[in-house]
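Subject: Structure handover

Hello,

The structure is placed below, followed by notes on what was found in it. Please read the notes with the structure open beside them.

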Amino acid sequence: MIQDVAFDSFDTVVRDICAFDGDSQADNYLRTSRILARCLEEINEYAIPNIESKVFEIEDNLTVILPIDVQSVIKVGALTANGAVRIMGENQGLIAPSQKPLKCTCSSSSSNGINIASYRFDNLLTGSILEIRFTNGTVMELPNYPYAFSPSNINPLLTSDIKLYYENGGHELLDVTISGVIGGGSVGLLFSKSSLAVSEIKYTPVSAAPQTVAPFIFGEDIFYPGENCEDDIISQPINNNAPCYYCTFHNICIAGNSGYRPAYGLHPKSYRNGTYKYDIKRNLIILGNGYDVKVGNEILVEYRTGMTNEKYLLIPRLAFQLLYHRVMYFASVNSNTNLAMSHLSQYRVEWKRFKARQLDVALEDILAVIRRNYRRGVKG
Amino acid sequence: MGYTKGELVDQAYYRISGGIDNNEISVNKIDIGKYLIAAINYALVEDYRFKLRDNVLAKRSSPLEAQSNPVDHNMLTRFTFSPQFDELRGLHYIELTDKILSLPKNRGLHAAMPLKGNTAYTKIVSQQELLGTERYLSDQVFYWPEHSTSSDVILFKNMQEPIGDVMIFMAVDFDSISDTSNLNLPSGIEVRVLELVVQFFTSQRTIPGDDQNDGNDQIKSRL
């Protein structure tokens, strides 16, 4: 196994490769070093990956900023009380809150759109009471907010309460509590976040004492397209009040009959604790809906790391042949193609051997057997 | 025992004058001494190229025969210096007392290593070669020569305290050798040097007068 092998220093490997090629004085030390460094990065990615796990805090915009040495993300999950990891599902459809969809051409952004916060409560019991307390000075921007859905039985109660305040002409909620007896299942609420702040949410299950539940925030800074959304891709006139069609997916508002709501059911049901997407360009993780996804929560990320300075210092001795042929391939590919191809061929052989030492059976060997048997099979 | 610089000048002079201490030839020893430097340096570079070719041929028959650096070790002279620190450039340096023989890829400068210890520094052609290698070569000590009109300097990158004495092995430019110093030349080079000098100065030599009027213009003994 790889743990049993000894290591050589970077300097030793460079001088050995030079000497193998007849350059005993290491006149080509620097060129060899540059090629070797790139080859090490290659086998670090595919043959002997460096894997690290670290705990990160979820940022305000439901993202996780990763360290610069992250090459690819393997696993994302929440740490449970007993130390297990509750993994999240990967969802390539997620888009960061401040990031517009590629095809969207509307001119609005989260800064000139309406800034929305949404909350979700799961596993509620029928007949329970949900109280939401707003802070002083909360202003409702649109009569459609807050908007509750799924189940809708809480909705009339909330909207009627809100309407009362509107009708009073205040447009201001003074330390008001909205409460109602809810149906079972899940409840989602959508608020205009810029002008409204929830100070406390209380959930009182049937025949149990009231308990304070932490606001479960998902989809903060939801992008809501403002006016002047002109989309020339779909070539159809768009109503000023209608959302951009390309913005109607997860984390972004979707048009409903009585207001806007997030595309609520897109995340895979098997990962109800949350989903993620690794944004390689910005080196961060974008998180989607789930009960583990809350601002300030800690999540564990397992990832492949790139080659940091100290990782160049020690090179597995068993990898020497592999590295030698790879370096010589790059060194000769532009000047002596035959020699380069010979080294490439040897490199592939060494690659199989190296992988076999790690995995007992190299994947390439298994595939070779399958291909060989396939060729030998009766045709027609 | 090889030639000293003065002996080689004398040899060349007698060959040019036909083996006679002849005052009539218009070649001075001081001129031969000056050209001798160029001839020696040329012969060394020529010898270097022959060995380079031999290396290529040797590599075909037996790869282990080949040496990457075809500088003959007889050309190399050892010096010991204490590196100084150049605060302006943030680098350690050595100011050489002799000029380095100019060979391709700075091969006139053969090696630099600490006086004590089992390590060797790594030679590069110039400082700009190091750009972008910091993440994996931050611990290696590199050195390279820089030439000026007055002297040659060797600069060191990544040299860490404590700084001890450094040995330098290099082929010396023969311009800086005194007349009485032995010439540290690979065997066979002296003959080539004499050929070059005689060939050069023969065309400068004045046609001797036919003072005996016998139709023979060769230099004749005055005896």
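Is K5(B) buried or exposed? K5(B) is buried, because its relative accessible area is 9%, where buried means under 20%, exposed over 50% and partly exposed in between (1.4 Å probe, protein chains only).

Before the rest, some conventions. This is a predicted model, in which local features need pLDDT of at least 70 and side-chain atom pairs count only at pLDDT 80 or more, while totals for chains, interfaces and linings use all residues. Residues are numbered from 1 along each chain as its sequence is written, chains are lettered from A and ligands numbered from 1 in the order in which they are written, and side-chain values use heavy atoms, with hydrogens and water left out.

K5(B) lies in helix α1 (residues 5-16) of chain B. Helices (H or I, at least four residues) and strands (E, at least two) are DSSP runs, numbered from the N terminus. Strand β7 (residues 152-157) pairs with strand β3 (residues 91-95) in the antiparallel sense over 4 bridges; two strands pair if DSSP finds at least two bridges between them. Strand β6 (residues 142-147) also pairs with β7(B) in the antiparallel sense, over 6 bridges, and these two strands form a hairpin with 4 residues between them. L155(B) in β7(B) is the bridge partner of Y93(B), and W144(B) stands opposite L155(B) as well.

Last, the interface. In chain A, 19 residues are in contact with 21 residues of chain B. The two chains bury about 1600 Å² between them, and carbon and sulfur atoms give 46% of that. Buried area is the accessible area (1.4 Å probe) that two parts lose on being put together, summed over both. On the chain A side, D27(A), L30(A) and R34(A) lose the most area to chain B, together 33% of what that side buries.

The count between the chains is 1 salt bridge, that is, a side-chain nitrogen of Lys or Arg within 4 Å of a carboxyl oxygen of Asp or Glu. R135(B) forms a salt bridge with E41(A), and the closest N and O atoms are 2.9 Å apart. Of the side of chain A that touches chain B, α1 (10-20) and α2 (29-46) of chain A each supply at least two residues. The most comes from α2(A), with 7 residues.

Regards

Conventions. Contact means heavy atoms within 4.5 Å.
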